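Here are my notes for someone opening this one for the first time. Have the viewer and the sequence side by side, and take the points in order.

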Amino acid sequence: MILTISINTILVITISTIIFILFFRCLFSKSSSKKRNTIMIIGPSLSGKTTFFYHLLGQKDSKTVVSMQINKVENYPCELISNINNYNIMDIPGTGYFKDKILDYLNDTLILLLFIDSTEKNSIVQAAEYLYDILNSDKLNEDLKIFICCNKQDAGFPKSKKMIENELSKELENLIKFKQKNNLEDKEQIGTLFQSKGKFSFKSFDNVSFLETDRKSEYQSLIKNIKNALQII
Ligand SMILES: Nc1nc2c(ncn2[C@@H]2O[C@H](COP(=O)(O)OP(=O)(O)OP(=O)(O)O)[C@@H](O)[C@H]2O)c(=O)[nH]1
Ligand SMILES: [Mg+2]
């Protein structure tokens with residue numbers, strides 16, 4: 001009798017322990033491999049974000065105006081980038097108000113496209129400010145891929161991706177020094193970029209890559225890069 005009770009007790013304890021362990025393993029694995037499916041398009045005003053957004057939606061000849069709200073599709077079957085999965089696609093206007101919202105969406109973002117007008121110096125200066133906030137943020141997730149899209153390569157005298165990378169590096173370096181000198185950082189969260197010393201280089205960010213693109217080429221290289229990235233992630 002004593003033996004039966006003790007065997008039963010041991011059995012109950014063992015089964016409960018297994019269920020307990022499995023429950024917590026399941027809970028933990030869900031939180032660490034969160035399914036992210038957002039592609040976010042950001043960048044200075046007039047860099048060509050909404051034109052690309054409509055291209056992804058199959059509306060190639062859409063006329064755009066300065067965006068005053070976020071363009072968004074949810075769970076969208078975009079055949080240009082995947083035949084398998086659906087994605088949320090967001091186009092964030094280049095005005096100041098929306099720029100501040102980007103960090104809120106960063107944790108759910110898989111692919112971040114930073115658009116730059118390659119013919120405009122000011123577009124590069126503004127892009128550095130976007131990048132500072134993003135690379136300095138504690139909301140960067142381990143899956144995130146950042147493509148710096150040197151857009152409008154078909155227009156005027158565009159800068160190459162190499163020139164833009166060099167200019168952006170210098171702009172970021174100046175921005176970091178300026179913020180450090182004037183102690184312009186959120187005291188609650190002092191980011192890694194704010195603490196960095198010496199020359200800034202994109203070489204230490206292997207999730208960031210540069211590419212040249214434009215509407216005329218139907219964004220072929222950009223779409224190819226997005227497809228490749230989605231297959232790997
Ligand atoms: N030459 C050229 N012009 C482009 C290209 N992409 C967009 N444009 C033009 O650039 C202008 C701005 O494009 P939008 O797509 O509205 O720019 P945006 O980045 O959404 O701007 P905001 O909504 O103000 O943030 C429009 O007149 C487009 O026709 C491109 O690849 N080449
Ligand atoms: Mg727009």
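1. Start with Asp 138, which sits in the loop between helix 5 and strand 5. (Helices, H or I with at least four residues, and strands, E with at least two, are DSSP runs numbered from the N terminus.) Asp 138 is exposed, with 12 other C-beta atoms within 10 Å. The cut-offs here: 20 or more other C-beta atoms within 10 Å of a residue's own make it buried, 12 or fewer make it exposed, and anything in between is partly exposed, with C-beta atoms placed from the backbone. Asp 138 and Asn 107 are 31 residues apart in sequence, yet their C-alpha atoms are 9.3 Å apart in space.

2. Before going on, a word on what you are looking at. This is a predicted model, where local features need pLDDT of at least 70 and side-chain atom pairs count only at pLDDT 80 or more, while totals for chains, interfaces and linings use all residues. Residues are numbered from 1 along each chain as its sequence is written, and chains are lettered from A and ligands numbered from 1 in the order in which they are written.

3. Now the overall layout. The protein chain has eight helices and six strands, and along the sequence they follow the pattern α-β-α-β-β-α-α-β-α-β-α-α-β-α. Of the 233 residues in the protein chain, 30% are buried.

4. Which residues of strand 5 are buried on one side, and which on the other? Lys 145, Phe 147, Cys 149 and Asn 151 are on one side, with Ile 146, Ile 148 and Cys 150 on the other. In a regular strand the side chains alternate between the two faces of the sheet. Seven of the seven residues of strand 5 are buried, so this strand is largely enclosed by the rest of the structure.

5. Strand 4 (residues 109–117) is mostly covered too, with nine of its nine residues buried. Strand 4 pairs with strand 5 (residues 145–151) in the parallel sense over seven bridges; strands pair here if DSSP finds at least two bridges between them. Look for Ile 111 opposite Lys 145 in strand 5, and for Ile 116, whose bridge partner in strand 5 is Cys 150.

6. Strand 1 (residues 38–42) runs parallel to strand 4, joined by five bridges, and Ile 42 stands opposite Leu 114 in strand 4. Strand 5 also pairs with strand 6, again in the parallel sense, over five bridges. There, Cys 149 has Leu 211 in strand 6 as its bridge partner.

7. Strand 4, helix 5 (residues 121–135) and strand 5 make a right-handed β-α-β unit. Right-handed is meant like this: with the strands pointing away from the viewer, the path from the first strand over the helix to the second runs clockwise.

8. Next, helix 6 (residues 161–181). Its buried residues are Ile 164, Leu 168, Leu 172, Leu 175 and Ile 176. They cover an arc of only 100° around the axis, which puts them on the same side of helix 6; the arc is that of the directions from the helix axis to the C-beta atoms. On the other side of helix 6, Lys 162, Lys 177, Phe 178 and Lys 181 are exposed.

9. On to ligand 1. There are 19 residues around ligand 1, and Gly 48, Thr 50, Thr 64, Ser 67 and Gly 94 come nearest. (A residue is near a molecule if its C-beta atom, placed from the backbone, lies within 6 Å of it.) Helix 2 (residues 49–56) gives the most to this shell, with three residues.

10. Glu 218 lies in the loop between strand 6 (208–212) and helix 8 (220–232), and Tyr 219 is found in the loop between strand 6 and helix 8. Are they buried or exposed? Glu 218 is exposed, with 12 other C-beta atoms within 10 Å, whereas Tyr 219 is buried, with 22.
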